[in-house]
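User: I am new to this structure and would like to understand the terms used for it. Could you take me through them one at a time, setting each value against its rule?

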Amino acid sequence: MDNDEVLRLLGRIGQGDEAAFRELYRAFSRRLYAYVIRKLGNEAQAEEIVADTLYEVWKAPARFRGESQFSTWLIGIARNKVLMAFRSRKPDAVYEDLQEIAEVIASEDAGAFEQLAQRQRREGVQHCMERLSDDHREAIHLVFYEGMSLAEVAQVQSCPENTVKTRLFHARQKLRNCLKLLLEREGGGSLTGAAP
C-alpha cells in the first residue's frame, strides 16, 4: 500500500471511519507483529504492542505526514513500545522448552537427529544475535528480516545512513566470529551461509 492510499485511509480514520481502520490494520498488522515478535519472543506481549501501536494511529491519524514510508513510521512507534517492554521485563523471563527437545529425540522419525541439529544451529544463531548490542541486532533484523532499506533503518534508529552501514558491518563480523567459535567448540564445521 503506497503512502497516498495510506493518507487517504488516515483521513477517513480521522473522521471515525472504522472500515478504513480495519483496512489499514489488515494491510500492516502482520508485518508489525512479525517485527515485534522477533524482538520480544512473547506472543501475548507482541499482540498487545501491535494493538497499542495501531490504537495510536486510530487516536491521532494526522501524526503521519507522509514524509517517510508508513511502515517505517509505524515500526518506529512499535520500536519505542518494545524498548519500554524490555525495560520492564524481569531478568528471568526467558525459559527453554525441554519438552520440545525430548519430543524430537524420542521421535521414531529417521530425521530426528537432523531436526535436533537444525534446532541447535538456530539456537546458535539466536545466541550470537543476543550477544550483539541492541542497535546492531535491530539493524540486522530490520534489513535482513523486514527487508528495509538503509535509509528506512536510519530513520527508525534516528541516525545517519552511514551509521547503519557501520552497524551492519560490525554486527556481521561479530556474528561470524561468534558462530565460528560455536562451531569450533562442536568439533568443526563450515560458516558458509551461516551469518546474514
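Analyst: Of the 196 residues in the chain, 35% count as buried, where buried means under 20% relative accessible area, exposed means over 50%, and partly exposed lies in between, with a 1.4 Å probe and protein chains only. This is a predicted model, in which local features need pLDDT of at least 70 and side-chain atom pairs count only at pLDDT 80 or more, while totals for chains, interfaces and linings use all residues. Residues are numbered from 1 along each chain as its sequence is written, and side-chain values use heavy atoms, with hydrogens and water left out.

User: How many helices and strands are there in the chain?

Analyst: The chain has 9 helices and 0 strands, and from the N terminus on its elements run α-α-α-α-α-α-α-α-α. Helices (H or I, at least four residues) and strands (E, at least two) are DSSP runs, numbered from the N terminus.

User: What makes Cys128 and Cys178 a disulfide?

Analyst: A disulfide is a pair of cysteine sulfur atoms within 2.5 Å, and the S to S distance from Cys128 to Cys178 is 2.1 Å, so the pair meets the rule. The structure holds 1 disulfide. Cys128 lies in helix H6 (residues 112-130) and Cys178 in helix H9 (residues 161-185), so the bond ties together parts that are 50 residues apart in sequence. Both Cys128 and Cys178 are buried.

User: Why is the disulfide of Cys128 and Cys178 given a handedness, and which one is it?

Analyst: The torsion about the S-S bond of Cys128 and Cys178 is about -80°, so this disulfide is left-handed.

User: How do you know whether Thr72 is buried or exposed?

Analyst: Thr72 has 2% relative accessibility, so it counts as buried. Thr72 is placed in helix H4 (residues 70-88), and, not counting residues up to four places away in sequence, it touches Met148, Glu152, Gln155 and Val156, a contact being heavy atoms within 4.5 Å.

User: And what is Gln155 called, with its relative accessible area of 41%?

Analyst: Gln155 is partly exposed, because its relative accessible area is 41%. Gln155 is found in helix H8, and, leaving aside neighbours within four places in sequence, it is in contact with Ser68 and Thr72. Gln155 and Gly76 are 79 residues apart in sequence, and 8.2 Å apart in space from C-alpha to C-alpha.

User: What makes a group of residues a nonpolar core, and which have the most contacts inside the largest one?

Analyst: A nonpolar core is a set of buried Ala, Val, Leu, Ile, Met, Phe, Trp, Tyr and Cys residues joined through side-chain atoms within 4.5 Å. The largest one here has 45 residues, and those with the most contacts inside it are Leu10, Leu24, Val36 and Phe70. Among the elements that give two or more residues to this core are helix H1 (3-14), helix H2 (18-40) and helix H3 (43-59). Leaving aside neighbours within four places in sequence, Val36 is in contact with Gly41, Ala46, Ile49, Val50, Ala78 and Val82.

User: Why is the pair of Phe21 and Trp58 called edge-to-face?

Analyst: Rings of Phe, Tyr and Trp (its six-membered ring) pair if their centres lie within 6.5 Å, and planes under 30 degrees apart count as stacked, over 60 as edge-to-face and the rest as tilted. By this rule the count comes to 5 aromatic pairs. The rings of Phe21 and Trp58 have centres 5.3 Å apart and planes at 70°, so this pair is edge-to-face. Phe21 lies in helix H2 and Trp58 in helix H3, so the pair ties together parts that are 37 residues apart in sequence. Phe21 counts as buried at 18% relative accessibility, whereas Trp58, at 27%, counts as partly exposed.

User: What is the pair of Phe70 and Trp73 called?

Analyst: Phe70 and Trp73 form a tilted pair, with 5.6 Å from centre to centre and 35° between the planes. Being 3 residues apart in helix H4, Phe70 and Trp73 are separated by about one helical turn. Phe70 counts as buried at 1% relative accessibility, and Trp73 counts as buried at 17%. Phe28, Phe64, Phe70 and Trp73 form one aromatic cluster.
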